[in-house]
Amino acid sequence: MSALLDNLNPEQLAAVTLPPQPALILAGAGSGKTRVLTTRIAWLISTGQASQASILAVTFTNKAAKEMSARLAAMLPINPRGMWIGTFHGLCNRLLRAHSRDAGLPETFQILDTADQLAAIKRLVKALNVDDEKYPPRELQHFINANKEAGLRAAEVEAWDEWTRKRVEIYAEYERQCQKEGVVDFAELLLRAFELLSRNEPLRLHYQSRFRHILVDEFQDTNHLQYEWLKLLAAYGGAAPAAVFAVGDDDQSIYAFRGADVGNMRDFERQFAVKSVIRLEQNYRSHGNILDAANAIIANNSKRLGKNLWTEAGAGEPIRLFEAPTDIDEARWIVEETQALIRDGAARSDIAVLYRSNAQSRVLEHQLFSTGIPYRVYGGLRFFERQEIKHALAYLRLLANPDDDTAFLRVVNFPTRGIGARSIEALADSARTYNASLYATVPHLAGRPGASLALFVRLIEDMRQATRDLPLPEVIDHVLDASGLRTHYRAEREGEERLSNLDELLSAAANFVAEAEEPGLAGFLAHASLEAGEHQADAGQDAVQLMSIHAAKGLEFDVVFLSGLEEGLCPHENAISEPDGLEEERRLIYVAVTRARKRLYLSLAQSRMLHGQTRYSMKSRFIDEIPAGLIKWLTPAARPAAERYFDPAPRKAQSQAKDLGGLRIGQLVSHPKFGQGVIVSAEGAGSDARIQINFGGVHGMKWLVLSLAKLTPA
Ligand code: ATP
Ligand code: MG
């Protein structure tokens with residue numbers, strides 16, 4: 001046992017061995033919060049103070065849950081597989097699966113991911129004849145989720161104006177629709193689990209007496225409903241509340257946009273009468289320069305509970321900063337640098353490339369892919385979100401639950417089988433009349449549409465028959481053939497990759513069966529919705545890690561590339577104008593910087609193609625918040641970006657007209673090889689003058705020597 005506690009500093013030791021009482025560990029990045037939490041679980045079990053079954057631990061991502069289980073397995077002679085360690089969503093899903101009937105859900109209820117939810121709302125808006133300009137589906141989605149996260153059902157939302165009244169009506173209709181289909185969205189998982197426990201006393205008492213130790217990592221990012229759920233489970237206010245052990249860092253609160261509330265930390269301290277808040281100040285993760293940079297950045301925030309981090313590690317290397325002309329150059333540089341690191345012996349999985357926006361991953365992926373460096377993307381457009389995978393999953397979902405209208409609509413005419421929009425509309429109309437699911441309504445539909453739809457139902461029923469007793473991978477294999485998906489993609493010109501993704505689904509299923517406690521179809525589908533993306537590359541292969549800053553929370557890497565440090569991107573343009581928004585962006589940067597152990601690279605691009613548009617940006621203000629002495633510029637450009645730029649405004653551009661041989665910034669020109677493009681910037685003078693042109697399409701952004709490029713005004 002003592003080996004468990006070796007190497008802890010006095011504050012960490014105190015935290016790990018606290019008596020079973022409410023506790024709050026408030027500490028900065030890399031100070032060992034997660035390590036303390038994990039060690040405490042091991043300590044409770046190994047000293048016999050708690051059984052495995054009495055512990056519930058909440059982590060922020062599935063990746064973190066896996067790491068925690070793996071660490072526990074290494075510390076103790078136990079099998080952590082059966083333990084309740086997971087994300088809020090994962091744990092609520094588990095609870096609802098175990099008590100689906102009590103929760104008012106079909107046993108095989110399906111989970112709608114964010115995209116499915118939006119599609120369902122769009123359908124509803126159409127069916128209800130609602131003006132989608134006045135009630136944009138995305139806004140409705142936000143409205144519904146925000147209310148659910150506040151614990152409010154449609155019937156409980158107060159509406160003071162016409163606009164909100166209508167939105168509440170749609171929310172209510174959406175609830176009915178989901179209930180009819182037997183599907184739940186992410187917010188519903190939490191709300192349903194909360195309601196289950198609050199309404200069902202025997203069940204509540206059962207879990208309250210079972211989970212005597214509740215440990216929560218990243219507590220600063222819990223939202224209202226999650227906190228209420230925890231209070232319920234912990235029997236807060238009762239005679240024998242559970243020992244809640246919460247760890248968090250207010251400086252790393254980055255989910256306010258999704259309803260997370262740092263205030264929960266203060267509420268927790270007060271409501272649970274936490275006797276002493278333990279602070280950890282020694283950072284064990286990063287070299288000094290990296291930590292100094294992080295401390296300097298976050299010091300600019302005003303709303304902080306305040307703490308200081310120090311390290312015994314040496315200063316280490318300077319922070320490397322690279323400014324690229326374009327996002328493609330930036331990606332190319334990151335990949336070259338990565339190659340060099342790997343050549344020097346770095347493991348690929350010790351290298352992470354972080355970005356503010358998932359849209360940035362495409363260019364990075366492309367460069368990595370063309371260089372042949374294995375990589376894995378966490379978050380963003382992920383394996384389980386790819387079109388062909390979603391189609392395959394939709395068939396599987398129909399097998400599990402034919403009332404799932406979202407799945408039905410996705411594949412009823414895919415691959416095409418001559419079922420037109422009109423037939424589907426007729427079907428949807430009668431489904432509303434019968435108040436039944438689309439699938440269940442098909443037998444009631446007369447005429448030709450009825451006949452072709454009946455064939456589809458028949459297809460699904462046949463699949464169900466044929467796969468009844470098969471193991472999961474064989475079920476999927478059968479469905480891929482019987483549905484016609486394989487044939488369809490085989491005929492598609494670029495279908496090869498999609499086919500191999502479909503095969504990858506078989507491996508995902510095989511892995512799942514090997515690891516899961518409930519290796520059935522329903523379990524696999526839940527896994528696909530919840531863990532999207534975390535299995536997409538070959539499991540076990542050493543790969544460079546790509547993820548958004550949000551997804552990197554709690555993780556650490558020897559080398560971190562933080563890309564896209566431009567005004568408008570990071571800080572994000574939507575956040576710049578409000579102080580709270582800006583502080584949240586700064587916390588985001590703080591999280592990103594503190595992921596690095598030994599080496600930190602920062603990069604930015606002067607121009608970037610995002611969402612189909614080229615944008616020109618200044619370097620992020622956060623770079624200027626890092627003491628200059630910590631930074632080593634890798635580009636000669638220590639001057640601010642604006643100086644090297646000609647303002648695209650016509651007045652200024654005109655004054656440069658002579659330098660550009662009669663051309664001006666913003667002008668459309670023709671190039672004999674690259675076609676038409678727009679001049680976006682220029683640098684140098686005389687025979688050295690270079691000019692940057694965006695040709696769009698395959699050629700993209702190019703720097704050309706003005707005196708050599710044969711440009712003509714277009
Ligand atoms: P974050 O805020 O980013 O989630 P954290 O506070 O949870 O960080 P950990 O991930 O638990 O920090 O720890 C950071 C690193 O420091 C880990 O590699 C951990 O193993 C190491 N570490 C923590 N405490 C000690 C210690 N006492 N001795 C040696 N290494 C330690
Ligand atoms: Mg942590």
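1. A definition to begin with: the expected span of a helix is 1.5 Å times one less than its number of residues. Keep that handy while you look at this model, which is a predicted one. Helix α8 covers residues 162-181, 20 residues in all. From its first C-alpha to its last it reaches 29 Å, close to the 28 Å expected.

2. Which residues of α8 are buried? They are Arg167, Val168, Ile170, Tyr171, Tyr174, Cys178 and Glu181. If you look down the axis of α8, these buried residues fall within an arc of 165 degrees, so they line one face of the helix.

3. What do the buried residues of α8 pack against? Their partners are the helices α6 (114-127), α7 (137-149), α9 (186-199) and α17 (405-411), together with the strand β5 (183-185). Do glance at the end of the helix too: just after α8, glycine 182 takes a positive phi of about 75 degrees.

4. Now for a strand. In β12 (residues 544-548), 5 of the 5 residues are buried. Val544, Leu546 and Ser548 point one way, while Gln545 and Met547 point the other way.

5. Which strands pair with β12? Strand β10 (residues 351-355) pairs with β12 in the parallel sense over 4 bridges, and valine 353 stands opposite leucine 546 there. Strand β11 (residues 375-378) also pairs with β12 in the parallel sense, over 4 bridges. In this second pairing, arginine 376 stands opposite glutamine 545.

6. For antiparallel pairing, turn to the open sheet of 5 strands, whose order is β20-β19-β18-β17-β21. At its edges stand β20 (701-705) and β21 (712-713), each with a single partner strand, so one side of each is left without a neighbour in the sheet. Within this sheet, 4 bridges join β17 (residues 668-671) to β18 (residues 675-683), and the two run antiparallel. You can find valine 669 opposite glycine 677 of β18.

7. Is isoleucine 623 buried or exposed? Isoleucine 623 sits in helix α27 (residues 621-624). The cut-off for a buried residue is 20 or more other C-beta atoms within 10 Å. Isoleucine 623 has 22 of them within 10 Å, so it is buried. Leaving aside residues up to four places away in sequence, it touches Leu321, Leu565 and Leu602. By contrast, its C-alpha is separated by 33 Å from that of leucine 24, which lies 599 residues apart from it along the chain.

8. Of the 19 residues around it, Gly32, Lys33, Thr34, Arg35 and Tyr284 come nearest. Helix α3 (residues 33-46) gives the most to this shell, with 3 residues. Sorted by class, the shell has 4 nonpolar, 10 polar and 5 charged residues.

How values were computed. Residues numbered from 1 in each chain as written. Chains lettered and ligands numbered in written order. Predicted model: local features only at pLDDT ≥ 70, side-chain atom pairs only at ≥ 80, totals over all residues. Buried ≥ 20, exposed ≤ 12 C-beta atoms within 10 Å, placed from the backbone. Arc of directions from axis to C-beta. Contact = placed C-beta atoms within 7 Å. Pairing = 2+ DSSP bridges. Near = placed C-beta within 6 Å. Nonpolar A, V, L, I, M, F, W, Y, C, P; charged D, E, K, R; others polar.
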